[in-house]
Amino acid sequence: MWENTYYSNMFLTFRGIVSLLLQIVLTTFLQSVSWLAIAILSPSGISIVTLSLCLLLSNLGASIAEVANDAIVAEIGKQPAVPPKKSHSYSSGELQSFVWIASSAGGVLGNLLGGIAINIYGPQAMFLLFSLTVALQLFIIITVRESSLNLPKSSSRVGLRKQLSELSVALQKPEIACSITWLAASNAIVPALTGTMFFYQTQHLNINSSVLGISKVFGQAAMLLWSVIYNRFLKSVPSKKLIAAIQGVMAVFMLSDVLFVNGVYRSMGVPDLLYVVLFSGLLEVLFFFKLLPFNILMAQLCPSGCEGSLMAFVASATALSFIVSGYLGVALSSFVGVTGSDFSGFPRALLIQAVCTVLPVYWSSWIPDDKTSSKNRKNE
């Protein structure tokens, strides 16, 4: 999602013209065709341009489908809960948590099976298998009637101008505008050093790529566990405190990376492989931990009628912030002198990254408390 902000922005336009499920059908078709083309073309004959085009179409489909799914969740979550004594915010929170649990479980299973299968069948067969899997998903989606989702009738029939007007009204609310600004800024000002760390682990430490695959499985498992813990124990915690706490934990993990690169853990007897699997895998998904309480907060604050458009805007702002973060990471790596054979400046870059990560905690007051948000909604 990091590099696909403009694809997500397209959803704001498509949403007023094409129904939600039809969008998912079209984007799933794009993914299936893209991966099938990579599978059937010869590895020696496929050009970089063709490969880039296939990946572009696949990412286009995946990102728009993701935003469409978020819109469906947001709109269904705003429907009156059963029994009626429960508030809509509780219903929306339950649905968001359930979607995160299902998505994380799928991530764990997908990464695990993919890592095993690619060692047995090879990359070309995996591209073909993935294309067939997406084609099966496309067939299942076609059999679903949009009316069965009980979406608001106006969600796909109102004009684009009206949707943009409703979105503009929502963004004029200080609690919504400030919250989205904080989320985007908290990502954008943190230089992303994921690529540099990957190169350090694989080229400098000679860690096998299969270990990094296990690390991703562990990260997805942590996402699943986080979803369950949040749903059962942390939903009563104010979103502002929870999001700020997650931001602080991210900074602590980055400081831990400084010790890792300096060889402190190695001197203590902790193998590099163990650290990569546990800590690197967890740090990679910590960036997304704060999205669950944030999305639930947005569902509570969002005025009725523009849930899908607002969630699409949040996804676009988040993706754009990650793009800025990536460019800052490249600039920081160059500034401290990190090269393919010299990582002496890498600890300094990680330290700067940790400092930048903790800065947003000081303006977390921009995020409203859940109780304050509920009172504002009642007053309306």
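1. Buried here means under 20% relative accessible area, exposed means over 50%, and partly exposed lies in between (1.4 Å probe, protein chains only). Of the 380 residues of the chain, 46% count as buried.

2. A word on where the values come from. This is a predicted model, in which local features need pLDDT of at least 70 and side-chain atom pairs count only at pLDDT 80 or more, while totals for chains, interfaces and linings use all residues. Residues are numbered from 1 along each chain as its sequence is written, and side-chain values use heavy atoms, with hydrogens and water left out.

3. The overall picture: the chain has 16 helices and 0 strands (DSSP runs numbered from the N terminus, H or I of at least four residues for helices, E of at least two for strands). Take contacts (heavy atoms within 4.5 Å) between residues at least 6 apart in sequence: 85% of them join residues at least 24 apart.

4. Have a look at the nonpolar surface patch formed by Leu36, Ile40, Leu41, Leu128 and Leu132, with about 440 Å² of accessible area together. Patch members have over 30% relative accessible area and no salt bridge; nonpolar side chains (Val, Leu, Ile, Met, Phe, Trp, Tyr) are joined within 5 Å, like charges within 9 Å. A salt bridge is a side-chain nitrogen of Lys or Arg within 4 Å of a carboxyl oxygen of Asp or Glu. Helix 2 (20–40) and helix 5 (123–142) each supply at least two of the patch residues. Ile40, in helix 2, counts as exposed because its relative accessibility is 63%.

5. Helix 8 (residues 194–204) has Thr196, Met197, Tyr200, Gln201 and Thr202 buried. Those buried residues pack against helices including helix 9 (209–234), helix 12 (272–289) and helix 14 (307–335). After helix 8 comes Asn206, with a positive phi near 55°.

6. Val277 sits in helix 12 and counts as buried because its relative accessibility is 15%. Leaving aside residues up to four places away in sequence, Val277 touches Val211, Ile214, Ser215 and Phe218. Gly213 is 64 residues from Val277 in sequence, yet their C-alpha atoms are 8.6 Å apart.

7. Finally, Phe294, Asn295 and Met298 in helix 13 meet Leu310, Met311 and Val314 in helix 14.

Conventions: Accessible areas come from the Shrake-Rupley method with a 1.4 Å probe; for residues, only the protein chains shown count as cover.
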